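Work through the exercises below with the model in view. Try each task before reading its solution.

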Amino acid sequence: MNVLEVKNLRKCFDDNLVLDDLSLTVPDHTATVLIGASGSGKSTLLRCINLLDSIDDGSIYLDGREISDPGIDVDEVRRSLGMVFQSFNLFPHMSVLDNITLSPIRVHKISKAQARDEAMSLLRRFDLADKADQFPDRLSGGQQQRVAIIRSIAVKPRLLLLDEITSSLDPVLVNEVLSIVRDLKTEGMAMVLATHEMGFATQVADEVCFLKNGKIVERGPASQVISAPQHVDTQDFLQRVHEAGRL
Amino acid sequence: MNNVSPARDNSGRASLWTPSAREVERQVARTAINRKKILIATTSSILVLGALASLIVTSPGWQVVKETFFDWSYGSEVLGAISKGLIVNIRLTIIAAILIGIFAMVLALLRTSRSAALTPFRFLATAYVDIFRGVPLLLVILLIGFGLPALRIEGLTNSVLILGTAAVVLTYSAYVAEVLRSGILSIHPSQRAAARSLGLTSSQTMRHVVLPQAVKRVVPPLLNDLVALLKDTGLVSILGVTDAVRAAQIASSRTFNYTPYVTAAILFLLITIPLTRYTDRVLAKSIKRQNAQGAA
């Protein structure tokens, strides 16, 4: 069963075609990793899947249901999607616990007590229980991003979308964030993630897609796309990543 | 004041280490520099203010002005009546502030909403704000205060106090709505995206994520408007409401002495100056907080 199917997706900003006839399939319990230079369309693809950006052609299916239908209830679709952003986007006026329980209480209508219990057990699991009553500005970047991940999985999404979640972090904080994602993957959470961390991509990816100019140029298991790329553009990109010391 | 070399408080550090000879030397030098600065500030203040005072006191009309504007024995005689008037201003300010808060919030929400069903209201709200921001408050007070009763609508109040308050509320709601709207627009779109991606509807996003942050951000300008509101309640005196301004007018027309006006002005200042200082403190704090966030 496929959680997500993207068929012939096109998206343009003015005259600029950012996603060009792009198709993608994500089977349940698998992780699809998007790699590629900035501006290649990774973030836009994630935002389109989450219906934060409108699409200009093609269709998107979530659990077999077309969510790119204009009459669809977007709020209802987003209830089964989790999204984590590069810049964390925690709500600065709410404590960590309130950030996590906002959607369970307001959207999923779970009782406050139960939402708190579930949030606390997630926080305990990821060693953040002592931060429950803190405000986001008192946390390190790594802690903030871990809270953002917990916030997105607190609503038990069908699919998790991770948009360069370690790109604005101090290198020493990257691993604490990635280890959560590894845990979630082991549990069988389906996910699509954009990243520049090739080592991490190799560890979690069931499929790696290399994007250039809004097209998937090369796709396959990490052992192929990252370790033995076939396409000259992929080779060139990975060469530059390697030179930057990121591989 | 932004001192380049402030006298630093070393009491907290004294226990951490014994200051070196060089540091002790520097502290002595800093103290000397500060003493010199204080001396310069004091001297220049005395010179400037003294010159200003002597200019006024030695002017040919000073004796007359002193008697007609600064007759303190008459001032204290009318203090009671003017204070009673000021209570009217304060009560009017409080009631108006509450109504303005509600009405302005509705206007701001209408102007920022994207709902198709609200389109006519969005248009009306925009027109409303345009009109009431552009017409002088005094004119609105006159039009409402004299115009509405002239319609002789059954059940409509003739109380000048209520009509005057209504005029102030109508005008200030337009100002405050714009302040609130700018606060709403200043919240970064990523906050909205995060909320929507969690499944919150657009009105839930507004209520739980955008508004709490927006209102907090515009507290300083809102306090500013509160000070202006208190002063502008004096304008309803033109309808015959016996507020502080009207009380002063009555007192001075009886004797042709203008001290009651000065008394009323001082009474207003006794409230507005502390309020303004408080506003400045809130503003400084919020700037500090935003800078800290930017640096993080």
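**Exercise 1.** How many residues of chain B are in contact with chain A, and how many of chain A with chain B?

Solution. This is a predicted model: local features need pLDDT of at least 70, side-chain atom pairs count only at pLDDT 80 or more, and totals for chains, interfaces and linings use all residues. Residues are numbered from 1 along each chain as its sequence is written, while chains are lettered from A and ligands numbered from 1 in the order in which they are written. Two residues are in contact if their C-beta atoms, placed from the backbone, lie within 7 Å. By that test, 18 residues of chain B touch 18 residues of chain A. On the chain B side, helix H8 (189–197) and helix H9 (202–217) each supply at least two residues. Helices here are DSSP runs (H or I, at least four residues), numbered from the N terminus.

**Exercise 2.** Find how chain A is divided into domains.

Solution. Domain bounds come from an automatic or database domain assignment. Domain 1 of chain A covers 2–80 + 159–243, and domain 2 covers 91–156. Their centres, taken over C-alpha atoms, are 25 Å apart. Across the boundary, 11 residues of domain 1 of chain A meet 12 residues of domain 2 of chain A. Helix H6 (residues 171–187) of chain A gives the largest share of the domain 1 side, five residues.

**Exercise 3.** Describe the secondary structure and the spans of chain B.

Solution. Count first: chain B has 12 helices and zero strands (strands are E runs of at least two). Then take the spans: the C-alpha trace of chain B extends about 85 × 70 × 30 Å along its principal axes.
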